[in-house]
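Subject: Structure handover

Hello,

Here is the structure for you to take over. Please open it first, then read the notes below.

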There are 6 protein chains.
Amino acid sequence: MKALKRIVFPGRFQPVHKGHIEVIKWLLERSEEVLIVIGSAQKSHTVDNPFTAGERMLMFMESLKEEGISREKVMIVPVQDIEFNSVWVSYLESILPPFDSVASRNPLVVRLFKERGYNVLVPPTFMRGEYSGKKIRERMMNGKEWKDLVPGAVARIIDSIGGVQRLISVSLSDEEEG
Amino acid sequence: MKALKRIVFPGRFQPVHKGHIEVIKWLLERSEEVLIVIGSAQKSHTVDNPFTAGERMLMFMESLKEEGISREKVMIVPVQDIEFNSVWVSYLESILPPFDSVASRNPLVVRLFKERGYNVLVPPTFMRGEYSGKKIRERMMNGKEWKDLVPGAVARIIDSIGGVQRLISVSLSDEEEG
Amino acid sequence: MKALKRIVFPGRFQPVHKGHIEVIKWLLERSEEVLIVIGSAQKSHTVDNPFTAGERMLMFMESLKEEGISREKVMIVPVQDIEFNSVWVSYLESILPPFDSVASRNPLVVRLFKERGYNVLVPPTFMRGEYSGKKIRERMMNGKEWKDLVPGAVARIIDSIGGVQRLISVSLSDEEEG
Amino acid sequence: MKALKRIVFPGRFQPVHKGHIEVIKWLLERSEEVLIVIGSAQKSHTVDNPFTAGERMLMFMESLKEEGISREKVMIVPVQDIEFNSVWVSYLESILPPFDSVASRNPLVVRLFKERGYNVLVPPTFMRGEYSGKKIRERMMNGKEWKDLVPGAVARIIDSIGGVQRLISVSLSDEEEG
Amino acid sequence: MKALKRIVFPGRFQPVHKGHIEVIKWLLERSEEVLIVIGSAQKSHTVDNPFTAGERMLMFMESLKEEGISREKVMIVPVQDIEFNSVWVSYLESILPPFDSVASRNPLVVRLFKERGYNVLVPPTFMRGEYSGKKIRERMMNGKEWKDLVPGAVARIIDSIGGVQRLISVSLSDEEEG
Amino acid sequence: MKALKRIVFPGRFQPVHKGHIEVIKWLLERSEEVLIVIGSAQKSHTVDNPFTAGERMLMFMESLKEEGISREKVMIVPVQDIEFNSVWVSYLESILPPFDSVASRNPLVVRLFKERGYNVLVPPTFMRGEYSGKKIRERMMNGKEWKDLVPGAVARIIDSIGGVQRLISVSLSDEEEG
């Protein structure tokens, strides 16, 4: 019997990287079930959010399979932003099954859940400085190597959708205006 | 190898009943994976939509466990309405992993997916006339027996949240106005 | 010292009538402060919601003055619908000053606040059957007497904006379609 | 020189019918320019709103060509609902070029524009009882003749998109619930 | 009899400070009634908008009491953004009681109300450079003294909700991304 | 017979300038019909988006007339943002008549349409460096000459609405906060 029953793990996951998988393993040692919340589900095709929620779901599904992590204990739920911070936790309570804790290193997320009385886990950084969505996107845009920072399945998905080209394309949009 | 890879099964599931479980079994014979889409995720506490998306997710999670259906092959995703029918399929394509078919008996859903070129499965009715969300809600409101129409897990969840009392409460709201 | 500190009194108030004023007096005997929440603030010019939120605010402001009820103890706040019942109480908590109770005869409102652990007061009906927004609107549409059911200030406001004519106009819209 | 400069003609146009074309001709005798506003642009695939805004735009474009009415003097603009009646005229003022009048038989539309001080034209009914969107949709659903009530171009468009089948499909959705 | 009847005073009030109280006093010399509009009511827990609308309402309620300013003449209304500048004044007209003027130093607000023909008052700066929401928030984040810039009641409220810690927490979120 | 039937030309057009007119002429050589999509229709009164959709529509209407370009072949449609990139093309398909191509130099727009299989035309730059909305707005704000960069009709419209003063006003709002 684990100490916790169901823990929410929210993030944008742009893209899913090896650090996220490490966190999931770390959480499964502490909780019966992990509920991955893919935030900003409506966003894609921007420099900070290149991938659709569906693509990010697929990244998790394939990576978990690759890592031998059972989906019996890990759910993946896309969630749109509501742009109303003080209501956000209540919104999650409404669309998710009951949970008792949250895992996040994001100070806003930590704050919002603490103000509502939740148990908050701050996972350790795994190879941090390397395992970072922002740094991976920058590597993609600058033509540097990035594939060793993500699960093999994620690299294959990004290749199959032309993800690097997409990211480079949208990065040019800010500079261009007719 | 099944004929289909991933099939979407959208509904409101107010509440999850035995007919839904039968459909899922029927779909798993035809498809590698089933993606349950819990629609109208923002709705609850009304006569037609008494349960929150989170409660409906839990109903599926517990029923699948009870039935011995592995969540490796069945995902459950809450999805809010967009009130824009002609864009709805594109919206699902964006927030879900790739799918090749849809299963529905709802003529609007069937139509929208067919207009976008999707393969549509119309599942058979299982004990129809009995397995119907609307009829089950009516039974609840009228004090009739309803528990044999839903999986045992669903009955326990509805009891634990005072679901029948909630449904009766909200049914009175239409009549009352100060 | 009253038993309660601040009580929320939500409604649509289409229009403000004498029953509402009676409730406010009744609440002021029990609470330090009353927070009138004018719901469906975005709605107007329909059969069920003829008056704008601003017009309804004015009705309360003028009626309270007429009745000699101090605005020191009564606040009036227009609130738009969010169409997300399970999040509604949390939404009110976010945009209103702290409150400890709610007053309502609406079963949905009662239910939502009770599920969140609030103290709920159900005010008595005052001359009920007569003091009812719906009946007053029907009287207006049918050319019957209605002014004795609302505070004098409300009758003057409705007259000054051509409220009865507006109600009759919009009641015809449902029947007409080119 | 016409008496009016630019007149707004709002409607849902589900579908465009001969009465609408008659109104446009009648308006062009009185105004330099007509601005057709296709309302509820986000709605389609329902019994009351079967056609998308794009389909309705095309119906007008082809019908005007067929009738020899120049698009130099007639603009067609799709506009989404805002569900905020008291702000609707201001919303139209913001997204449309300046106009001085509105043409409508809809009492709500007439009321909203009059309250904002606009000149309102109520066009005569042309063959009314026959030229009615609602009646045409009912004829379609009941397998009756409807093509003589709409411009030839509209009949061809509806045929090409399978519009009658779509209408019949969605009319069945209200009755069905799993 | 004052020159003006009812004046709107919009702002974000993050947090309420002594300059705002001075403006209210200045306005009450010129107008029968002041309508404080707490804008961006949906925002909180960000660096620019740390406090909820409810917290900001409470700040005004307690500060007015402390200053001996009667709420008979001052209303406080939370208003959500609509992200549609050209419709914003019309939106306020709809949800507020009638007003004849606006008080603001914000050039956008001044412009929008002038384009709609309103009387605009630009209040003097009171101790400006000091009485500024932005500077107060920066002082809070940098551990500098800030309490003498806000009414005593505001300082107590911010302390009671851990407002400074909240502000510091959310200020870290921009830098962190997993 | 032109190679293409109907081409969509999306932009923000803040303001319409001579480069846009050149693109339209260039497109009319290649397509039967051009559909100008005025994006971000809900935006105005900001530094990047000073003009309302209605003002921008009028700029096109008057410029086309001035240039002798017939509106028989050019439609102008205001479209609000949906903040959901991956659904945006589907949204346009729904509210516009059928089109076969898109014309844009914006990399995001090019990418989104290509991912949906559309034919994309990248128009040449006409006097680029000069014909740029951003540069024209900067010239306006800095008191430099700008009228030779826009059609005469556009200059007259901007003058008549006090557009330069508006732009300067709103540019001050970012710096000001009480």
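In what order do the five strands of the open sheet in chain C run, and is their pairing parallel or antiparallel? The order is 3-2-1-4-5, and the pairing is parallel. Strand 3 (74-78) and strand 5 (119-121) of chain C are the edge strands, each pairing on one side only. Neighbouring strands of this sheet are turned against each other by 25 degrees on average, direction ignored.

Before going further, please note that this is a predicted model. The predictor gives the complex an ipTM of 0.95 and a pTM of 0.96. Chain A has an average pLDDT of 95, and 96% of its residues score at least 70.

The sheet and its helices in chain C

Strand 2 (residues 31-38) and strand 3 of chain C run parallel and are joined by five bridges. Across this pair, Leu35(C) stands opposite Met75(C) of strand 3 of chain C. Helix 1 (residues 18-28) of chain C packs on it and touches strand 1 (4-11), strand 2, strand 3 and strand 4 (101-103) of chain C. The direction of helix 1 makes about 150 degrees with that of strand 2 of chain C. Helix 2 (residues 53-67) of chain C also packs on the sheet, where it touches strand 2 and strand 3 of chain C. Its direction makes about 170 degrees with that of strand 3 of chain C.

Chains A and B

Here, 19 residues of chain A are in contact with 19 residues of chain B. On the chain A side, helix 2 (53-67), strand 3 (74-78) and helix 3 (85-95) of chain A each give two or more residues. Helix 2 of chain A supplies the largest share, five residues. By class, this side of chain A has eleven nonpolar, five polar and three charged residues.

How are the two chains related? Chain A superposes on chain B by a rotation of 180 degrees with 0.0 Å of shift along the axis, at an RMSD of 0.0 Å. That is the relation of a two-fold axis. The same surface serves both copies, as 100% of the contact residues of chain A recur in chain B.

Chains B and C

In this pair, 13 residues of chain B are in contact with 15 residues of chain C. The side of chain B that touches chain C divides into two nonpolar, eight polar and three charged residues.

Helix 4 of chain E

Which residues of helix 4 (residues 107-115) of chain E are buried? They are Leu108(E), Val109(E), Val110(E), Arg111(E), Leu112(E) and Phe113(E). Arg111(E) is worth a look, as it is on that list of buried residues. The cover over them includes strand 1 (4-11), helix 3 (85-95), strand 4 (101-103) and strand 5 (119-121) of chain E. It also includes helix 7 (163-173) of chain F. Just after helix 4 of chain E, Gly117(E) takes a positive phi of about 85 degrees.

Best regards

Technical notes
Residues numbered from 1 in each chain as written. Chains lettered and ligands numbered in written order. Predicted model: local features only at pLDDT ≥ 70, side-chain atom pairs only at ≥ 80, totals over all residues. Buried ≥ 20, exposed ≤ 12 C-beta atoms within 10 Å, placed from the backbone. Helix = DSSP H or I, 4+ residues; strand = E, 2+ residues; numbered from the N terminus. Contact = placed C-beta atoms within 7 Å. Pairing = 2+ DSSP bridges. Axes fitted to C-alpha atoms, helices over the stretch in contact; angles between N-to-C directions. Nonpolar A, V, L, I, M, F, W, Y, C, P; charged D, E, K, R; others polar. pLDDT = per-residue confidence, 0-100. Least-squares fit on C-alpha atoms with pLDDT ≥ 70 in both.
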